[in-house]
Amino acid sequence: MARIELSGVSHRYGNDEWAVRNVNVIWEDGVASALLGPSGSGKTTVLDIISGLLRPTEGRVLVDGRDVTGMNARERNVAQVFQFPVMYETLNVFDNLAFPLRNQKMPEAEVRQRVEATAEMMGLTGLLRQNAHKLGAAEQQRVSLARGIVRKDISAVLLDEPLTVIDPQAKWHLRRQLKALHERTGITMIYVTHDQHEALTFADRVTVMNLGSVVQTGTPTELHDRPHRPFIGYFIGTPGMNLLDAQAGESGVSVGPLTVPYGADVTKRLTGRDALQLGIRPEYVEASPQPLDSGAEASVEDVDTTGHSLIVHARLGEEALKVTMDEAASVVRGDTLWIRFPVEHVNLYSEGERIEVDA
């Protein structure tokens, strides 16, 4: 097991722009973590720096407090599983799993024991004598994962978009296997993905990256309910957070005709803030055909059906607003709804940073 820390890590390829810049993150020992962000955000670069495939231009990599920045990948005892399965296709599954153990000159009896135990954990027991090239994509990726954990000295497993090439049904099963594997072994895992659903369902803690920088680290609930930046608000969630231009006044924060009541102490702090914005998740917006206290009228412009809910596109003054409603709601284009923003679900931002306020 391992505690992994990046301290002031930056990296650039040749004379290109910085791929990652001043990354400071700690992945605690034994935690299932995810590194989430859009394509090009620097996730794979960070993973390659942790594993030792890349030496950072600046900064340090520490494993359990030991500086490993100058060590190569083999010396770090960190396994990396790539997007596309990596194995010897001319060998069967047993020999693929045995290969790294035999390289360590492990006695053959112990090799067999380790391979069979790992195969059982990964659901590969019935495939041990199967040639690797005859396996499907999901099975091949399970072999890659098993190769990553078969060694005794592995202290962390790094997973770089491991489910991308797998069909949705197999992806769901393999993600459950990964979660069960972590619970069983307690090994430190860092799972890189651009898919918010994969990150939030796998990880206990998620680090979000954008444009080469870390934006926020937190639990899935923290990232969903209290995103530090608007980017996280609309990157996480389906649909993403409503981000609306707002103004602070004596009675609260207003978006068009709707005012969210805040006390005088809060409104005094907010008055004069530049680029004030209000963020609220569509599922937290209260909507009713009847008047609501502290609410305002909005016109319905369109309605999407997802199969289990309605996504209502409404107009609140000059602002476009998305509202998630129960699929049984009777709402059509042209209707008028009363809208209210519960203060406990509102996030306020100024110049792209979340403002901490007490409702």
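**View 1. Ser144 in helix H4.** Ser144 sits in helix H4, residues 137-149. Helices here are DSSP runs of H or I with at least four residues, strands are E runs of at least two, and both are numbered from the N terminus. The model is predicted: local features need pLDDT of at least 70, side-chain atom pairs count only at pLDDT 80 or more, and totals for chains, interfaces and linings use all residues. Numbering starts from 1 along each chain as its sequence is written, and side-chain values use heavy atoms, with hydrogens and water left out. Ser144 has a relative accessible area of 8%, so it is buried (under 20% relative accessible area; exposed is over 50%, partly exposed in between; 1.4 Å probe, protein chains only). Setting aside residues up to four places away in sequence, Ser144 touches Val81, Pro85, Val86 and Met87. Contact means heavy atoms within 4.5 Å.

**View 2. Val25 in strand S2.** Strand S2 covers residues 18-27 and holds Val25. Buried or exposed: which is Val25? Val25 is buried, at 5% relative accessible area. Its contacts are Ile4, Glu5, Leu6, Thr207 and Val214, again not counting residues up to four places away in sequence. Gly70 lies 45 residues from Val25 along the chain, and their C-alpha atoms are separated by 19 Å.

**View 3. Helix H2 against helix H3.** Two packed helices are described by the angle between their axes and the distance between the axes. H2 (residues 93-103) and H3 (residues 108-121) pack at about 130°, with axes 9 Å apart. That angle makes H2 oblique to H3. Axes are lines fitted to C-alpha atoms, for helices over the stretch in contact, and angles run from 0 to 180 degrees between N-to-C directions. Under 35 degrees is roughly parallel, over 145 roughly antiparallel, 65 to 115 roughly perpendicular, and the rest oblique.

**View 4. Residues at the H2 and H3 contact.** From H2 come Phe94, Leu97, Ala98, Leu101 and Arg102; from H3 come Glu108, Val111, Arg112, Arg114, Val115 and Ala119. Seven of the contact residues are nonpolar, none polar and four charged. Nonpolar covers Ala, Val, Leu, Ile, Met, Phe, Trp, Tyr, Cys and Pro; charged covers Asp, Glu, Lys and Arg; the others, Gly among them, are polar.

**View 5. The whole chain for context.** The protein has nine helices and 22 strands. Its C-alpha trace spans about 75 × 45 × 35 Å along the principal axes. Of the 359 residues, 48% are buried.
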